[in-house]
Amino acid sequence: RISAASQSAATSAATASSFVPSEMKAWSYSEYGGVDVLKLETNVAVPEIGEDQVLIKVVAAALNPVDSKRRAGKFKATDSPLPTVPGYDVAGVVVKVGKQVKDLKEGDEVYADVSEKTLEGPKQFGSLGEYTAVEEKLVALKPKNIGFAEAASLPLAVETAYEGLERAAFSQGKSILVLGGAGGVGSLVIQLAKQVFGASKVAATASTPKLDLLKSLGVDLAIDYTKQNFEDLPDKFDLVFDTVGQGDRAVKALKEGGSAVVLTGPAEPPGFRFVITSTGETLKKLNPYLESGKLKAIVDPKGPFPFDKVHEAFSYLETGRATGKVVIYPT
Ligand code: NDP
């Protein structure tokens, strides 16, 4: 078990970067299942870093639906071995660097999606611990103007949004409909389409209480899915970005020659599915937009949840009603 002395040293490791304990606190599960399989352990080994990796002292983390699906055993066949410390999204401070690390140094404030491949061999020791080891190429410096909680909310969701728009060859002057515009990914697809890709028109779906949020993110047409079926509207789009699992309906809202990005559930041509690959390059590209305030992190107002409330945070995420991202902070 970790001693009180080494625990307080771990807490200050972010500033005095010389000391890293051998054990840490982390949320971990040893069998697949519901939220209850997740236990807060106090003596998990701090991950060793590879030559191309940095060790990050976690300051904030964020949850993604894939954490829940993975914990349920949905990706058993390609998962890393149990026990698992879940968590893809991290913001924190570099406390150790591997021999081949070129650009990062101790003390750097960074953020990342820690698993390059989301479903195939994701990190066994993810971001819901005090430390996590990450390849330098997945990491970017944290924009200076945003806090750790906001930074942690971004990587997996914004990289998914960006990769989806790129794969669909979305470009200036095109129109887009975002299904699930108030969610973690959808709220960022809206902003990227408008602010980065130069969309001519952005529409999005959400339930009644979330329509104002959609408008504040820049949508031209906010569709209340409790009152209207988007595919019955006269508006048709160059791209439909489906974060809900409505691939069959998505294709009915396309202009001729349009396409649909589908994140979950079956996709029907010309719609296509893909799984995000983590890369720090996307975060580096987007940092200027975050620094100028054109792109904003959307942290669910029910959070951030402190580290000891991870069960509550997952239960909330799993209602499917989150607004923006569910963040864990302070850790
Ligand atoms: P969230 O948990 O953030 O999504 C919650 C949001 O979905 C809520 O704001 C809710 O709004 C909205 N929503 C639910 N049902 C509907 C509906 N019928 N119409 C419109 N909005 C709806 O999830 P994420 O954004 O993080 O992820 C979305 C999905 O994409 C998940 O299944 C996830 O696993 C998957 N995903 C896949 C990736 C890939 O690489 N393939 C990468 C990232 C995510 P309201 O309360 O108004 O209903």
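Lysine 284 and glutamate 281 lie three residues apart in helix H8, which means that about one helical turn separates them. Their side chains meet in a salt bridge with an N to O distance of 3.5 Å, a salt bridge being a side-chain nitrogen of Lys or Arg within 4 Å of a carboxyl oxygen of Asp or Glu. The model is predicted, so local features need pLDDT of at least 70 and side-chain atom pairs count only at pLDDT 80 or more, whereas totals for chains, interfaces and linings use all residues. Residues are numbered from 1 along each chain as its sequence is written, and side-chain values use heavy atoms, with hydrogens and water left out.

**Overall architecture**

- The protein chain comprises nine helices and 14 strands; these are DSSP runs numbered from the N terminus, helices being H or I with at least four residues and strands E with at least two.
- Its radius of gyration is 20 Å, close to the 20 Å that the globule rule gives for 331 residues, so the chain is as compact as a globular protein of that length. The radius is taken over C-alpha atoms, and the rule is 2.2 Å times the number of residues to the power 0.38.
- Along the principal axes, the C-alpha atoms fill a box of roughly 65 × 40 × 35 Å.
- Of the 331 residues, 55% count as buried; buried means under 20% relative accessible area, exposed over 50%, and partly exposed in between (1.4 Å probe, protein chains only).
- Among contacts (heavy atoms within 4.5 Å) between residues at least 6 apart in sequence, 68% join residues at least 24 apart.

- Helix H5 spans residues 186–196 and is largely enclosed by the rest of the structure, because eight of its 11 residues are buried.
- The buried residues are Gly186, Ser187, Leu188, Val189, Ile190, Gln191, Leu192 and Ala193.
- These buried residues pack against helices H4 (155–167), H6 (211–216) and H8 (280–291), and against strands E8 (175–179), E9 (201–206) and E11 (237–242).

**Alanine 152**

- Alanine 152 belongs to helix H3 (residues 148–152) and is buried, with a relative accessible area of 0%.
- Leaving aside neighbours within four places in sequence, alanine 152 is in contact with Ala60, Ala61, Ala62, Asp89, Val90 and Ala91.
- A C-alpha separation of 7.6 Å is found between alanine 152 and alanine 112, which are 40 residues apart along the chain.

**Salt bridges and charge**

- The structure holds 13 salt bridges.
- One of them joins aspartate 79 to arginine 70, with the closest N and O atoms 2.9 Å apart; aspartate 79 and arginine 70 are both buried.
- Another salt bridge links aspartate 235 and lysine 201 at 2.7 Å, N to O. This pair connects distant parts of the chain, 34 residues apart: aspartate 235 lies in the loop between strand E10 (221–224) and E11, and lysine 201 in strand E9.
- Aspartate 235 is partly exposed at 22% relative accessible area, and lysine 201 is partly exposed at 27%.
- The mean positions of the 38 positive and 41 negative charges of the protein chain are 2 Å apart. Lys and Arg count as positive and Asp and Glu as negative, without His and the chain ends; each charge is placed at NZ of Lys, CZ of Arg, CG of Asp or CD of Glu.
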